[in-house]
Amino acid sequence: MSKPTSRVLSGDELARFGAEIDALRARTVADLGERDARYIRNVYKVVRYSEILGRALLMVAWFLPEGWVFGTAAVGAVILGLSKILDNMELGHNVIHGQYDWMGDPVLNGKNFEWDIMGTSDNWRKTHNFRHHTYTNIHGMDEDLGYGVLRLFPEQKWHPARLGQPLYALIFAILFEWGVAIQDLRLGRWLTGRVTNKQMFQISRPALLKMRRQLVKDYLIWPLLAGPGFLVVLAGNAVANVIRSLWTYTVIFCGHFTTDVQTFPKSVLKNDNRAHWYVRQVAGSSNLSGGFLLNVMTGNLSHQIEHHLFPDVPANRYAEMAVQVREICARYGQYYNTGSMVKQFGQVLWRILRHSFPSSPQRAMRPKMAK
Amino acid sequence: MAPSALRKVAAPFVNPGIFDFWVSKLNPAWSWDRPLARVVDRKVEALDTVTLVLKPNAHCGKFVPGQHINVTAEVNGRRTTRSYSLTGIPARNGRLSLTIKRVDKGVLSTHLCQHTQVGDVLELGAAFGEMTLPAKPEGEWLFLAAGSGITPLMSLTRSLAAQNMPVDLTLIYWAKTRAELCFARELRALAVQFPRFKLQFVLEKEAQLLAGEESGLISSEQLARVVGNLSAKQVYACGPTGFVDAARSLTEGQVRSFMAEGFTPMAPITVADAATATVKVHLAASKRDLEIPTNLSILDALEAQGLKPKVGCRMGVCHSCVCTRAEGTTLDMQTGEQDAQPGMDVRICMTRARTDLTLDL
């Protein structure tokens, strides 16, 4: 099967492509209102009720007849895990992007929202909202290309230690929330002595405070509230946190690390403009095909392409915008990368495996970048 | 509401949003820190005019008669805030009255007049406004009210009535038609009850006048006819800016004192003359005032003056540069829409100033 390619757009075509994407954004933004407000409030509501339900099941599990303890705790942990997934993805990630700022609701404000995850939302605003979304898939600019932990593209340097990458990838998946939390601390400079202990402590302070808060909440206060059920609640919370990490990792990796996504050298930033940026967002992202449930549970990152074109448009609009984005891409000969989660994640796993071994950009067949 | 000591201890563990979500299931006006009020009564006051009686929660502040308050409700998903005058006087049970006239195309006034029901919750700001009475009012007072300008003056009139009318008060109240007169029955009753209170309705567009009603715009002849000698009067005027300006110039130098509040909003710069205009920007957090042109994004304009606001993508994507626009009108460069909603967040890389602004920078 030959690799799908995107047509190189002429200057004029590029401008028109950009204008069509701009117009789609403008149409959608002009139509925002009651329906979107109701949607995000419903998400908030489901997060709250599912959290309380999950935690309540974990709390009561210990006090149930013997045969019921494990089952109840397991269901509680899964529900709490799902609640955290919803909180982090459909609620937190989207709200922190400022998607619902137009509502003016302080609870749903992108600048202030804090989520139930190890990392601070401030840190996320910098690494994700700014660096990843502005410089998507640009080597040396977008740290999400492997998060400094994995080698996923032939352009990244190979080292014999990379052979252990499949194992690192698994550990990284289990500890994903921690990985995201420390991404911006750049511990490397501290380990190599370029930053003193004291400086590092200063830099890490907000992250450490958030970690303490999360640890105290999930592994001390909630377990203590269960009294003799302390360990059940503690274990359940740990399971819930890992479920969340595994799922978010899977979804996020499907967004930019499937086989046909393109990455870019820093040189694309010379003479860059908004239309170029749009083209790169399409070429550098991949969608997951599925229904409403998949959209909600992935925080609509199942529409990674639409999310990258319109990061601050309410995610509940992506499904309907996708129809038009796809149509525009087809007219301009731009490859629209989508597939089932099984197919897309299979490609991600292959990438993790393949690039743990030496690989070079020349050898890999790569579609031409439209520029 | 939790006592303050308990609140202090609990604060580090409380996420106000989550707290509010759960307590609102018990009582929709309860909140960790937001001043909310529940609508407990609604009455039609006049044509297109409604009085809402509110029961505020413990976070709502006090007010003095004659003051206004910012009222916030969500309309079509958007929090919308406008100022309204409190028309009652401070009550033992803490209830507040707001009288709202529906303005044509007015988003919040239409919502409050037509859609707000008993049981709904509104968010309130702190009361503000200087047009209040001294602790011991004395002498002669003249209140000039036009249209919904009656609202603060009604509060002041009620306050004086509650003190058994310790002063000579004349209230002249202009409305377009009789159907638009608010509080007519109550005002007439007060005029009967208190000989020191003189009431005059002026109807500008009513076909047939009844006994005792005047007509016509404010004029010196009219003032002379209704009030007589102005020299001892302490004047409070409230109404549209045009009315207030007329009242000021007609009474200037002839009265003991004059204070007024007008309520036509400052007109934003139209796009045609926006290219060359400059506006004043107040940066509230850093306490700086400067002038910026309106043909650049606020970010570019601030940077041109050597400031370094927080910045990210410079293309409206990342929201790093978002700051709160406390006051003023701005233009969204992407949508071409102007917006003046106080307290809204704007991306300064994608926003131009349209009027003088206050930003939380």
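Trainee: Which residues are buried in helix α4 (residues 121-134) of chain A?

Mentor: This is a predicted model, in which local features need pLDDT of at least 70 and side-chain atom pairs count only at pLDDT 80 or more, while totals for chains, interfaces and linings use all residues. Residues are numbered from 1 along each chain as its sequence is written, and chains are lettered from A and ligands numbered from 1 in the order in which they are written. With buried taken as 20 or more other C-beta atoms (placed from the backbone) within 10 Å of a residue's own, exposed as 12 or fewer and partly exposed as in between, the buried residues of α4(A) are A:Ser121, A:Trp124, A:Arg125, A:His128, A:Asn129, A:Arg131, A:His132, A:His133 and A:Thr134.

Trainee: Against which elements of chain A do the buried residues of α4(A) pack?

Mentor: Helices (H or I, at least four residues) and strands (E, at least two) are DSSP runs numbered from the N terminus, and chain A holds 14 helices and two strands. Contact here means backbone-placed C-beta atoms within 7 Å. The partners of the buried residues of α4(A) are α3 (66-96) and α12 (304-309).

Trainee: Which element gives the most to the side of chain A that touches chain B?

Mentor: The contact between the chains involves 28 residues of chain A and 21 residues of chain B. On the side of chain A, two or more residues each come from α1 (11-30), α2 (34-61) and α4. Giving five residues, the element with the most is α4(A).

Trainee: What percentage of the residues of chain B count as buried?

Mentor: For chain A, 45% of its 371 residues count as buried, and its C-alpha trace spans about 70 × 55 × 45 Å along the principal axes. Chain B, with nine helices and 19 strands, has C-alpha atoms that fill a box of roughly 70 × 55 × 40 Å along its own principal axes. Of its 361 residues, the buried share is 38%.

Trainee: What share of the contacts in chain B with a separation of 6 or more comes from residues 24 or more positions apart?

Mentor: In chain A, if one takes contacts between residues at least 6 apart in sequence, those joining residues at least 24 apart make up 72%. For chain B, the corresponding share is 60%.

Trainee: Which residue of β5(B) is the bridge partner of B:Leu54?

Mentor: Strand β2 (residues 49-56) of chain B pairs with β5(B) over six bridges in the antiparallel sense. Within β5(B), the bridge partner of B:Leu54 is B:Leu96.

Trainee: Which residue of β19(B) is the bridge partner of B:Arg325?

Mentor: An open sheet of five strands in chain B has mixed pairing and the order β13-β12-β19-β14-β17, with β13 (288-293) and β17 (344-347) as its edge strands. Strand β14 (residues 322-327) and strand β19 (residues 357-359) of chain B run antiparallel and are joined by two bridges. In β19(B), the partner of B:Arg325 is B:Leu359.

How values were computed: Pairing = 2+ DSSP bridges. Contact = placed C-beta atoms within 7 Å.
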